[in-house]
Amino acid sequence: MKQLKQLALAAALLLAAVPAMQAGESLGAYLKAGFNMSNYVMGKMPHGMKPGFHFGAGYEYRLAPRWGMAMEMYMSFQGAKFDPKKIDNIDEVMVADEPGVELDRNVTLSAIYFELPVLAKFYVTPRWSIDVGPQLGIAAQNHLKMGDEQVDKVGRSFETWDLSASAGVTWNATPRLMVQARYNLGLIKVMKGIDIDEYRPQARNLNYDDRIQNLQLAVGYRF
C-alpha cells in the first residue's frame, strides 16, 4: 500500500509537469513496451542475466533544434540468478541457518519496479537522439526461488527505492513509430542482505554492494 501511494504521488508530479512542457515544441505522448536483460553487479556474488519485460508511457518535447526532454513512467519486470556452486568463497558470503544444509541450488531473484526516468535528449539528426538522465525506481514486489521452491517474505532484504543512471538512443522510424535501446546502472545498493529461512548473512553482518544493471530494447507508438 505504501508503494502504491508513493507511485500515485510520483504520477501526480509527472502530470503536473506536463503543462510546463508547452514552452517547447511538444512531440507528444507515447506508449512503449520491450524486453529487459538484467542482473546485479558490484557485489560479492556473480549474478547471471535474467530476461524480463517492461511497458509504460512517456512524454517528449523539444526545447531547441538540438535539445529536448522526455519523462516516462513504466513498470519493469527484472531480476537476476546465480549458481552457488560457482562461487569459490560461498562459505564466506552466505551460510545456512541449520548445520548440514547444502547451498547447492540455483537462486533466482525476481523484482517488479515502477520506473520514473527524466531524460535529456540530444538530437543527432531529426530521427536519432541520445538520451541521458536519472531514473527513480520504486520496488513494488520481490520474489526469490531456490531451485523450484518459492521463498516467502524476502521484501525486507531489499531497499524500497532505487536510483539509476540511464543512457541510450531513440530512433524515430516514422512520425509515429519509435525504437529505443537503453542501459541502466544502479547508483545505490538495493540489497540489504538475503535474510530468508535457509540463507542468511554471516554473524559479522556482511554488507552487500549489489546494484541493478539493466539492458532494455523497446518499441513505442507516439500519439
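Biologist: Which residue in β5 is the bridge partner of alanine 80?

Modeller: The partner of alanine 80 in β5 is leucine 109. Please note that this is a predicted model, in which local features need pLDDT of at least 70, side-chain atom pairs count only at pLDDT 80 or more, and totals for chains, interfaces and linings use all residues. Residues are numbered from 1 along each chain as its sequence is written, and side-chain values use heavy atoms, with hydrogens and water left out.

Biologist: How many helices and strands are there in the protein?

Modeller: Helices (H or I, at least four residues) and strands (E, at least two) are DSSP runs, numbered from the N terminus. The protein has 2 helices and 11 strands. From the N terminus on, their order is α-β-β-β-α-β-β-β-β-β-β-β-β.

Biologist: Which strands pair with β3?

Modeller: Two strands pair if DSSP finds at least two bridges between them. Strand β2 (residues 50-62) is antiparallel to β3 and is joined to it by 10 bridges. Within this pairing, phenylalanine 53 stands opposite phenylalanine 77 in β3. β2 and β3 form a hairpin, with 4 residues between them. β3 also pairs with strand β5 (residues 107-123), in the antiparallel sense, over 14 bridges.

Biologist: How do side chains point in a regular strand?

Modeller: In general, they alternate between the two faces of the sheet.

Biologist: How many salt bridges does the count come to?

Modeller: A salt bridge is a side-chain nitrogen of Lys or Arg within 4 Å of a carboxyl oxygen of Asp or Glu. The count by this rule is 5. One of them joins lysine 32 to glutamate 72, with the closest N and O atoms 3.1 Å apart. Because lysine 32 lies in strand β1 (residues 25-41) and glutamate 72 in strand β3, the pair ties together parts that are 40 residues apart in sequence.

Biologist: Are lysine 32 and glutamate 72 buried or exposed?

Modeller: Buried means under 20% relative accessible area, exposed over 50%, and partly exposed in between (1.4 Å probe, protein chains only). Both lysine 32 and glutamate 72 are buried. Of the 223 residues of the protein, 46% count as buried.

Biologist: Which residues are linked in a network of salt bridges?

Modeller: The network links Glu60, Lys121, Asp131 and Arg222. Lysine 121 forms a salt bridge with glutamate 60, the closest N and O atoms being 3.9 Å apart. This pair connects distant parts of the chain, for lysine 121 is in strand β5 and glutamate 60 in strand β2, 61 residues apart. The side chains of glutamate 60 and arginine 222 also meet in a salt bridge (3.0 Å, N to O). Here glutamate 60 in strand β2 is linked to arginine 222 in strand β11 (residues 211-222), 162 residues apart. Both glutamate 60 and arginine 222 are buried, and lysine 121 is buried too.

Biologist: Which residues make the nonpolar surface patch?

Modeller: Patches are made of residues with over 30% relative accessible area and no salt bridge: like charges are joined within 9 Å, nonpolar side chains (Val, Leu, Ile, Met, Phe, Trp, Tyr) within 5 Å. Accessible areas come from the Shrake-Rupley method with a 1.4 Å probe, and for residues only the protein chains shown count as cover. Leu63, Trp67, Phe122, Val124, Trp128, Ile130, Val132, Val169 and Trp171 make a nonpolar patch of about 800 Å². β6 gives the most to this patch, with 3 residues. Tryptophan 67 is found in strand β3 (residues 67-82), and at 47% relative accessibility tryptophan 67 counts as partly exposed.
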